[in-house]
Amino acid sequence: MKEFKYLFILLMGLSIMGCSDLEEEPVGVLSPDGFFTSVDDIQTAVNGSLTHAINEEIWGRKLSIALMLRSDMVNLQSSQTHRVEMNEHTITGNNEMVYDPWVRIYLGITAANNAIAGAEEVEADDEVKNPVTAQAYFARAFYYFHLVRLFGDIPYITEVIPGEEAESYRSIGITTEADVYQNIIADLKYAKTWLPNTVESRSIPSKAAASSYLALVYLTMAGNDAGSEYWQMAFDEAKEVIDNVGVYELELDDDFQTLFNANKIDASREPIFALDYNNVEADDNAYDQTAPMTGIRGDDDDQGWSVAVPTMAVYESFDPDDYRTRVSFQTEATIGGVTVDYTRFDISGHEHAGNMPYIAKYTRYPGPYAKSNKRATSHNYSMIRYAEVLLIAAEAAVELGDNASALTYINRVRERARMGGQSTNGGYVEETIPASAVPADLSGTVTVEDVLEERRIELAFEGKRWYDIKRRQLGDVVFSASGYEGEKPNWDGSIDYYTPIPEEELDRNPNL
């Protein structure tokens, strides 16, 4: 049983299950040998790769919540050691929130590698085969982009590992962070070349998704270096998406709430690439648990778990008249038949209930499939959406000294925030929130701080903030006494921007 955990053995597997709006057909664990005879077989392998991302070990809970806790936007209400380590930046290599995402991500990479290798066995015209194979290149880049931002230098594996050669891969080595990024760029460029402009579902990779991720990769590589060549590359890629919104069928959704409404998100044109739970609950815990993790403990609306909760300082840092504040936070709840505001959320009597506004983005409209505690929702989680592309362009423009473009792109996002829409605070009684004068358009000179703040508000609780803190080296500031969560005394900027490689992997392979 323990041997199944070995990375080199896991790399042999191909766990395949239909994902997104494609046909859902679990077909077990397959070897690529002799399996690939048609383009449909390549697609099945791609679906298997992307399915790993919706597992509880990645975006169902462990990675998504870890990214929240490591940021300066979410605090921990419970006391489990593995979560405390994330929240306090005392992360060890024995932490299951490190090990489980590591293993699951490599499973997704393995399935993508199998699809790419299997495609070589399929006889079909490039125009038919390559767009499907490009999805696998995109999936591999997507997974490695998470790994390199988390761990830095990592094993970079592209080949399929036959079972008889597994023993030799105990000694696989490390690829430098810089080289991993170049490999990610190569995969995304291939994907951009062959992926279609439009797709049936935003959970299927498209040309816009590849280009948007290239922009984000370049932005990340630029880091905090004002003279980096990657700013221009980030701007150019983002602008290509912006200039082709008609071709790619993209636009900002009129109602910010729709982006977090499982009943409406399928019709939105704002998501560019999403993880779609599609009412699926797989045998290996592959379902969404983010909603209960962020939900109010003991309320009458199906009782969340009260694990990841913003501090009051975070809530107070949002303008109360900004529509995004209402969408992002829940400030009322019905508990024991009594409707109360956040100052009385603890009347449930549960030790983890807290008197502060909770995250509302994932608990308010979880969709028809949501079960007890709102587990297994129908959410589509936007991994990148059009508003972020606008903000990538704005941030790069600031660094390039192009203030006119920076103003244009950041103000488009702020304009949408003023539009209002259909939302609710508690009790699921919808009301129309009128348009507001807040946030006003920026004028004058846009700063890096302006754009990072806009990202913090616009993308709150979407797994983005920690990566922004890391790439801009903000830890010493945001985890100080003046930060939204107060001082994190264990924060050490010399080591804490990186996640430790799982201890079990280090024990098995000293080359790591």
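Select G34 to begin: this residue is exposed, because its relative accessible area is 73% and over 50% counts as exposed. Keep in mind that the model is predicted. G34 sits in the loop that links α1 (7-10) to α2 (39-51).

Next, show the whole protein as a cartoon. Its secondary structure amounts to 19 helices and 10 strands. Of the 512 residues, 62% are buried. Take the contacts between residues at least 6 apart in sequence: 72% of these join residues at least 24 apart.

Then select residues 62-70, which form helix α3. How many of the residues of α3 are buried? The count is 9 of the 9, so the helix is largely enclosed by the rest of the structure. The buried residues of α3 include the charged side chains K62 and R70. Also buried in this helix are L63, S64, I65, A66, L67, M68 and L69.

N87 belongs to helix α4 (residues 81-88). Is N87 buried or exposed? Its relative accessibility is 3%, so N87 counts as buried, the limit being under 20%. Show side chains here to find a polar contact of 3.4 Å between N87 and E88.

For the last stop, select residues 96-119 (helix α5) and 126-151 (helix α6). The axes of these helices come within 9 Å and cross at roughly 155°. Angles over 145 degrees count as roughly antiparallel, and α5 and α6 are therefore roughly antiparallel to each other. Their crossing is left-handed.

On the α5 side, the residues include V98, W102, I105, Y106, I109 and A112. On the α6 side, look for K129, T133, Y137, R140, Y143 and F151, among others. The residues of this contact divide into 16 nonpolar, 4 polar and 2 charged. To pick out the charged ones, colour K129 and R140 in α6.

Conventions: Residues are numbered from 1 along each chain as its sequence is written. This is a predicted model: local features need pLDDT of at least 70, side-chain atom pairs count only at pLDDT 80 or more; totals for chains, interfaces and linings use all residues. Side-chain values use heavy atoms; hydrogens and water are left out. Helices (H or I, at least four residues) and strands (E, at least two) are DSSP runs, numbered from the N terminus. Buried means under 20% relative accessible area, exposed over 50%, partly exposed in between (1.4 Å probe, protein chains only). A polar contact is a pair of N or O atoms within 3.5 Å; within protein, one must be able to donate a hydrogen and the other to accept it, and residues adjacent in sequence count only if both atoms are side-chain atoms. Axes are lines fitted to C-alpha atoms, for helices over the stretch in contact, and angles run from 0 to 180 degrees between N-to-C directions. Angles under 35 degrees count as roughly parallel, over 145 as roughly antiparallel, 65 to 115 as roughly perpendicular and the rest as oblique. A crossing is left-handed if the near helix is turned anticlockwise from the far one by less than a right angle, and right-handed if clockwise. Contact means heavy atoms within 4.5 Å.
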